[in-house]
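Subject: Structure handover

Hello,

Here is the structure we talked about, with notes on what turned up in it. The sequence and the model come first, and the notes follow.

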Amino acid sequence: VGVRYLKENQNIKRVQSADETNQFEFYTEGFYQFNPKLKVFGDFKMNQFSEKGIGYNLSNERTSETNKILSPNYYYSPSKGDWKNQLYHISAGGRYEFLKNAFLGVTTKYNNTFYNRNSDPRPSNTSNLFDGTISLGYTLNKHTLVANYRYVTEKLENETYYEAANVINPSTNPDYYIKFSSGYGYKMFNSNYSKYLNKTIGNYFGASYSLKLPKTFIMASFDYGSKQTDHYMRNDNGSGITKPLEEDKFISFKAKNTTSTTTLYLNQKFDKNSFEAKATLKTNEVMNYVVNTRSTNYQLKGTALNIETLYRINENKWIKGVGLDAYLDQLNVKDLLGITEKQHTSIDFTIFAQNKFNLNKNSNLFVHFGLGAYMSLKNNLMYIAATQDQDFTNNVIKRDDVYDDTKKLNAQFMMHYEVPFQNKTIRFSGSYRLLNTLNSSNLNTQYTVKGTANYYNVGVSVIY
């Protein structure tokens, strides 16, 4: 059981994310073993957070260091606004060995979110997500083979309105004028912004193999699947009920995201030290579909390789572990109607050291320090002004392109202190991360990215 507070001051950022975020979170998690054959686990999380200064985005998705471009099919207006949001999360699962060496695993997750913007235009997004996985595994001596199936469904309902009298007719006020983005540069006016529904269904299949030896553990897994999001427009059939109906005739746009994930993991023990390494390769392809014209104008292809390593040094007094985290990201996005094409490759890496100090017989202090950098290896942007309205291109695509091409230095510090209390352990934790710009090689001198972003995290938890 624990609580934590997170704060982000993003003086440098992508356009469609928040200038500042404040989060308060309560969480609890548990594990219980009924007998050697049956184990269960679960967790609950309640998160209330506020976001300041989000422009060109009226959805509940945000750009980030790893999510560089929003999914297609969302409404936006140029004006910046603040949001107040809530997240409720609950998950449960278990593993049962129904035969000797054969087991069945089940995991379920439910998320309920509320996103509300408190300035015009005022969207109110409510989403419900169910995520379930069933696994079947078999162990033979040192070998374990697992097959799994995952099903995801999410429903997001939206209502948007204007409160201030001076923006009742937003077409005369470009800052508050709502447009619909279906791609990366292609936008249009769509009056269905007042009420709409997004419904997502995803199916994923996977398998893993692991080998357990006295000093070596190896695991390899592969997952593949796709999800499709259908955008249902407002019901204008004259019945007086404008709530979107889940009927095919109300679907105006679609988006499909196909992903594959390959993971390799190694844990090697030596006489005194040990080594861990994990490599994850993820590919994804996103395409949109416009129902009325039966056409596709947007395609994104991405490949990301994440490598995590840790070498533990048991006998060193000051450093118990050193490691490297590296993230290589490549994407290619095209919008035929927006006449935009972006090619980008970057690497983000961190070298770190950590130690756990035993202060006395009962308490200990864990300290982690890392230093790294972000570099763009390739960054090309091609666009043609197909219409007179170049607001989105100039203020989102171009600005994010300069941000992607700007070198950055990051430093991170993390610690937690554990002390026993009445047969329990109390953990006090905290972390700080700094992201600072170095320079940009982008030829677009109209925009510059300079400054720092700061990320804070403090919390306390009780372990029993």
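Which element gives the most to the lining of the second largest pocket? The answer is β21, with six residues. Please keep in mind throughout that this is a predicted model.

The second largest pocket

This pocket holds about 470 Å³ of space. Its lining is made up of 23 residues, and those closest to the centre are Y27, E29, R427, S461 and I463. Five elements are listed as giving two or more residues to the lining: β1 (2-10), β2 (20-35), β19 (406-421), β20 (424-440) and β21 (452-463). Sorted by class, the lining of the second largest pocket has 11 nonpolar residues, nine polar and three charged.

The cavities

There are two cavities of 30 Å³ or more in the structure. The largest cavity has a volume of about 50 Å³. Its lining consists of Q16, I69, L70, Y74, G183, Y184, F392 and D400. Of these, five count as nonpolar, two as polar and one as charged.

The second largest cavity has a volume of about 30 Å³. L58, Y75, P123, N158, T160, I178, Y193 and Y196 line this one.

Helix α1

Two residues from the lining of the largest cavity, F392 and D400, are also among the buried residues of α1. The helix covers residues 391-404. How many of its 14 residues are buried? The count is 10, so α1 is largely enclosed by the rest of the structure. The buried set is F392, T393, V396, I397, K398, D400, D401, V402, Y403 and D404. The length of α1 was checked as well: at 1.5 Å a residue the helix should span 20 Å, and its end C-alpha atoms are 19 Å apart, which agrees.

Y74, which lines the largest cavity, stands opposite S181 in β9. β4 and β9 (residues 179-181) run antiparallel and are joined by three bridges. Both strands belong to an open sheet of three strands in the order β4-β9-β10, with antiparallel pairing. At the edges of this sheet are β4 (74-76) and β10 (187-188), each of which pairs on one side only.

Strand β6 (residues 102-117) runs antiparallel to strand β7 (residues 122-140), and 15 bridges join the two. F114 stands opposite T126 in β7.

T139 stands opposite T144 in β8. How many residues lie between β7 and β8 in their hairpin? There are two, and N141 in the turn has a positive phi of about 55°.

Regards

How values were computed. Residues are numbered from 1 along each chain as its sequence is written. This is a predicted model: local features need pLDDT of at least 70, side-chain atom pairs count only at pLDDT 80 or more; totals for chains, interfaces and linings use all residues. Side-chain values use heavy atoms; hydrogens and water are left out. On a 1 Å grid over the protein atoms alone, a cavity is a set of points where a 1.4 Å probe fits but cannot get out, and a pocket is an open set with protein on both sides within 12 Å along at least five of seven lines; lining residues have an atom within 4 Å of a point. Grid points are joined across faces, edges and corners, and a volume is the space filled by probe spheres set on the points. Helices (H or I, at least four residues) and strands (E, at least two) are DSSP runs, numbered from the N terminus. Ala, Val, Leu, Ile, Met, Phe, Trp, Tyr, Cys and Pro count as nonpolar, Asp, Glu, Lys and Arg as charged, and the others, Gly among them, as polar. Two strands pair if DSSP finds at least two bridges between them. The expected span of a helix is 1.5 Å times one less than its number of residues. Buried means under 20% relative accessible area, exposed over 50%, partly exposed in between (1.4 Å probe, protein chains only).
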